[in-house]
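Look at the sequence and the structure below. The text after them goes through a few features one at a time.

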Amino acid sequence: MGTPCHYALFELQPAFDIDLDMLSSRYRELARKVHPDRFADAGETEQRHAIEQSANLNEAYQTLKSPSRRARYLLTLQGREMPLEATVQDPAFLMQQMQWREELEELQEDADIDGVVAFKARLKASQQALNDSFARVWRDESQREEAERLVRRMQFLDKLSQEVRQLEERLDD
């Protein structure tokens, strides 16, 4: 018996556009039911089962909550296993990555907090545009290559946002 589909856990249809509020409230509801503390007096097997269920639920929630992880998961459901760090056959995006990295380094050197805030806003807009593009191509079977390319771009932007947040925290200190 395999792990149930992440979507099935939350009684959702596999789709890229999902109701995140509904996802969160379903998650809270299910998390309460399977929380290991509720099984403190139960037998060892039941406790282990509760811990497993709780871990699966958490993994499913983290995956569906993140647009890039959700997109990647959808491709996996269709049997398209994507290597996590796929080489980006995407010269235009490689150029863009280098520009972003240079810009971020300059912001760090100048300790430019306003620049970081502006950079973060542009990054968010780029992420939203990628999400929209993925939602469009996802519906079209013939666009799988493009969907994978977009997921790789999304993953890069996730990593970059994380670095921006860390820089922001360092500059705030």
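The model is predicted.

Begin with two helices. Helix H4 covers residues 67–77 and helix H7 covers residues 144–172. They pack at an angle of about 150 degrees, and their axes are 9 Å apart. Angles over 145 degrees count as roughly antiparallel, and H4 and H7 are therefore roughly antiparallel to each other. The crossing of H4 past H7 is left-handed.

Which residues make the contact between H4 and H7? On the side of H4 they are Pro67, Ser68, Ala71, Arg72 and Leu75. On the side of H7 they are Arg144, Ala147, Glu148, Val151, Met154, Gln155 and Asp158. Sorted by type, the residues of this contact are six nonpolar, two polar and four charged.

Next come the aromatic rings. How many aromatic pairs does a search of the whole structure find? The search finds eight. One of them joins Phe10 and Tyr61, with ring centres 6.5 Å apart and 50 degrees between the planes, and this pair is tilted. The pair links distant parts of the chain, since its two members are 51 residues apart. Phe10 is in the loop between helix H1 (6–9) and helix H2 (20–34), whereas Tyr61 is in helix H3 (residues 44–65).

Are these two residues buried or exposed? Buried means under 20% relative accessible area. Phe10 has a relative accessibility of 0%, so Phe10 counts as buried. Tyr61 has 10%, so Tyr61 counts as buried too. Ring pairs also bring in Tyr27, so that Phe10, Tyr27 and Tyr61 are linked into a cluster.

Another aromatic pair is formed by Phe134 and Trp138. This pair is stacked, with 5.9 Å from centre to centre and 15 degrees between the planes. Where do Phe134 and Trp138 lie? Both are in helix H6 (residues 113–138), four residues apart, which is about one turn of the helix. Both Phe134 and Trp138 are buried.

Terms used:
Residues numbered from 1 in each chain as written. Predicted model: local features only at pLDDT ≥ 70, side-chain atom pairs only at ≥ 80, totals over all residues. Heavy atoms only, no water. Axes fitted to C-alpha atoms, helices over the stretch in contact; angles between N-to-C directions. Parallel < 35°, antiparallel > 145°, perpendicular 65-115°, else oblique. Left-handed = near helix turned anticlockwise from the far one by under 90°. Contact = heavy atoms within 4.5 Å. Nonpolar A, V, L, I, M, F, W, Y, C, P; charged D, E, K, R; others polar. Phe/Tyr/Trp six-rings, centres within 6.5 Å; stacked < 30°, edge-to-face > 60°. Buried < 20%, exposed > 50% of the residue type's maximum accessible area, 1.4 Å probe, protein only.
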